[in-house]
Amino acid sequence: MVNKKKNWLTERDLYKMSEKELYSKICVAESIKHVDNASDEVIDMKDPYKFSYNLATILARDREVVAVRLKISDDCKVYISKNDNWYEEDVRYIDRIQKYLRNISKESPGTSIESSIKIIEDLTDEVMTYCFAKLEYRFEKLEKDIIRNRDKEHIKSFIRYARDNLEGFDPDNLHDVDKSEISGICCAYYKEAKNVPGTPEKFLGHLKKVGSYAGSVIDIAACARNEKYKNLFSNIKLRILKPVIADQLIYSWEDIIKGFVRDHVEYEKVKNECLNDSHIAERLRKIYGDENTNQLQLDVDNIKQRVCLHAEMNILANIIDQGDKSRVYIAVSKRYCYLCELYIDFARKRGYNIIISGKHKKIYRGWKLPFVADANFRIQSLKYILENLDQIIESQVKHYTKSLRADSDSRGSSVDSENRSEAEVVFGYLKRGRGRRGHEKKIVPLSEFNQ
Ligand SMILES: [Zn+2]
């Protein structure tokens, strides 16, 4: 008995040490890894998947990342998580979204859209208010595109469409355009523009992102009105997962790199090459720079690093703890990062049938390893990720001179829905203009979550 306890403690200590090694290597890998191109996994967007994805879109505001999983059994549960704290305002918003969904689905089958107009308009208003900051940020990119390419045919055509459909639309005064109204315009125009040969992909991407809010509301409302899902949605439960955020101490950059070189001379060579590369040097400063003096501290141990369980990992940990090996789609408002992708690879090898859409291959030092109940899974997943990080660091140490380029990583959600009547309500409402409300932020204490 005593021995057993001793062994367990040793294992736990070893795990803690490996965990520290993991977070230290994540930091090093982020600082020196070449950034690959983003890619999308082609998945058949079935209605429930689409619904999850649209929900993730309307639940992510500002720079937050939200993940959603729809679990349909006897009832319909939606697990929601994000990379950050939840605020009281978020909880109230999610509560209202749940109410809208239930109310829309309670209309008897075959009822015309008229009886749902008021609820869909209220839902539209909620979403546009909540997502306003992100919508504005996405619109800025489209705005730049329009200003820079005013003489190009695809922009002229968009301006014509916007003028015809949005009263007072002035391409010379885009800053003042109502962002929620333009979301409706972009959503509708995207459907036309994507079929016009020669329309630049980048412009289409901007249209899609701005239009994704109107598009998501249309699809969500249509899903809730769909006879097939009415029963499920009439008692839909949106369940918020507790965020997991922690502070982690890490080994020095020097310590980790020295594990991959033969001697100090070689280490100095790697260090100097890295510092001569402006991209790497900038990242090193962000990760290892002293907060006050901005001095690089490549040889300083135990720098504190804030780590957070990525939204999709929070949902996956929940699935693993439930031992649920059924086919599951985890929708995220942003592409999967490199480490989440690795962890999912590992889970798939263990029989978890996880479906994801896009990935962007970036490493984030704030990534947290999920703490699942199954100790073996926990240890083996840690080992798997460490092995992959070792490979990255090893190959980058050998090829440290490569230039690094950052890439944009987010994307818009599906707006190519054909839900015409819902679209009419949403577009009509946005066109008439709507008021805006301010919002306050109050964190929800962790003790409020029952899991
Ligand atoms: Zn991630």
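## A helix pair and its crossing

In this predicted model, helix α7 passes helix α16 in a left-handed crossing. On the α7 side the contact is made by S180, E181, S183, G184 and A188, while α16 contributes V426, F427, L430 and K431. Sorted by class, the residues in this contact of α7 with α16 are four nonpolar, three polar and two charged.

The two elements span residues 179-193 in the case of α7 and residues 420-432 in the case of α16, and they pack at an angle of about 140°, with their axes 8 Å apart. Because angles have to be over 145 degrees to count as roughly antiparallel, α7 and α16 are described as oblique to each other.

## The protein as a whole

The protein has 16 helices and 10 strands, and of its 451 residues 37% are buried. Among the contacts with a separation of 6 or more, 82% are accounted for by residues 24 or more positions apart.

## Confidence of the model

The mean pLDDT of the protein is 85, and 89% of its residues reach 70 or more. Over residues 1-6, however, the pLDDT is below 50, and this stretch has zero contacts in the model beyond near neighbours in sequence. The pLDDT is also below 50 over residues 401-415, a stretch for which the model shows 44 contacts beyond near neighbours in sequence.

Technical notes. Residues numbered from 1 in each chain as written. Predicted model: local features only at pLDDT ≥ 70, side-chain atom pairs only at ≥ 80, totals over all residues. Axes fitted to C-alpha atoms, helices over the stretch in contact; angles between N-to-C directions. Helix = DSSP H or I, 4+ residues; strand = E, 2+ residues; numbered from the N terminus. Parallel < 35°, antiparallel > 145°, perpendicular 65-115°, else oblique. Left-handed = near helix turned anticlockwise from the far one by under 90°. Contact = placed C-beta atoms within 7 Å. Nonpolar A, V, L, I, M, F, W, Y, C, P; charged D, E, K, R; others polar. Buried ≥ 20, exposed ≤ 12 C-beta atoms within 10 Å, placed from the backbone. pLDDT = per-residue confidence, 0-100.
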